Amino acid sequence: MPVVGTAHKALVTGGGRGIGLAICRALESRGVVVVAPSRASLDLLDPASIERFAAQHAADGIDILVNNAGINRLNALEHVRDDDWAAMLQVNLTGPFKLIQAFAPHMAARGWGRIVNVSSIFSIVTRQRRAAYSAAKSALNGVTRAAAVELAPKKILVNALCPGYVNTELTRKNNSPADLEAIARTIPLGRLAEPSEVAAVAAFLCSEDNGYITGQTIVADGGFVCQ
């Protein structure tokens, strides 16, 4: 356990909006000190930026890591460009892996840590034009399992959280009201998730209440992938 009387400190990537912002708020409501860097401070597309950020914050006492930031560039297989493929893997897979590498040793030294990788239902099922996204998120699930096994003796729990369709600003921007109604009809619960509902799951996984769940791919999708 961390030193008595010290607050947990979380690094949340992509914490400025949507699910990431909701996770920040959920963690703060539990008394966690949250660091949610802007892209200027931590650009997951830039390996050098990740290295600089990790070096600058190595001694900050971060014992919770939420790899939430991601990108999804939709394209048919034959139109996926090399730079798009590389960017999708860098932001959705390599960036999170590098942050785990950077901060897990500090968690191990404290004898406590929680890592949540925000994946996607499209790591389990998929749709057209999502080859790169599904590949990256599926690989992130694999990293989660391997890290969980390796870090368990150091009292660090690692899980992947796979949201389904979520009622975020970006979702509303990319879909018309008619599209959203059609999507809702494909979900057994009949509606999109609210960001706070996904965040509540993430906050539990990051907490001391979770003492035994590790290496899991946890789906929060209203029953979508059950069909």
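In this predicted model, one cavity of 30 Å³ or more is found, a cavity being a set of points, on a 1 Å grid over the protein atoms alone, where a 1.4 Å probe fits but cannot get out. The largest cavity has a volume of about 30 Å³, where volume denotes the space filled by probe spheres set on grid points that are joined across faces, edges and corners. Its lining, defined by residues with an atom within 4 Å of a point, is formed by Arg73, Asn75, Val80, Asp84, Met88 and Ala132. By class, three of the lining residues of the largest cavity are nonpolar, one is polar and two are charged (Ala, Val, Leu, Ile, Met, Phe, Trp, Tyr, Cys and Pro count as nonpolar, Asp, Glu, Lys and Arg as charged, and the others, Gly among them, as polar). Residues are numbered from 1 along each chain as its sequence is written, and side-chain values use heavy atoms, with hydrogens and water left out. Because the model is predicted, local features need pLDDT of at least 70 and side-chain atom pairs count only at pLDDT 80 or more, whereas totals for chains, interfaces and linings use all residues.

Pockets were defined on the grid as open sets with protein on both sides within 12 Å along at least five of seven lines. The largest pocket has a volume of about 1,600 Å³ and is lined by 46 residues, of which Arg17, Gly70, Ile71, Asn72 and Leu170 lie nearest its centre. Two or more lining residues of the largest pocket come from each of α1 (18-29), α4 and α5, with α5 giving the largest share, five residues; helices (H or I, at least four residues) and strands (E, at least two) are DSSP runs numbered from the N terminus. The lining of the largest pocket comprises 19 nonpolar, 18 polar and nine charged residues. For the second largest pocket the volume is about 230 Å³, and the elements that give two or more residues to its lining are α3 (82-110) and α4. Eight nonpolar, one polar and two charged residues line the second largest pocket, including Phe97, Ile100, Val143 and Lys154.

The largest nonpolar core has 25 residues, and those with the most contacts inside it are Val12, Ile23, Leu27, Ile64 and Val66; such a core is a set of buried Ala, Val, Leu, Ile, Met, Phe, Trp, Tyr and Cys residues joined through side-chain atoms within 4.5 Å. Buried here means under 20% relative accessible area, exposed over 50%, and partly exposed in between (1.4 Å probe, protein chains only). The elements that give two or more residues to this core are β1 (9-12), α1, β3 (64-67), β4 and α7 (195-205), the largest share, six residues, coming from α1.

A search of the whole structure finds two aromatic pairs (rings of Phe, Tyr and Trp, its six-membered ring, with centres within 6.5 Å; planes under 30 degrees apart count as stacked, over 60 as edge-to-face and the rest as tilted). Phenylalanine 122 and tyrosine 165 form an edge-to-face pair, at 6.2 Å centre to centre and 85° between the planes. Phenylalanine 122 is buried at 9% relative accessibility, and tyrosine 165 is buried at 15%. Tyrosine 165 also forms an edge-to-face pair with phenylalanine 224, at 5.7 Å centre to centre and 85° between the planes. The latter pair links residues 59 apart, from the loop between β5 and α5 to the segment after β6 (217-220).
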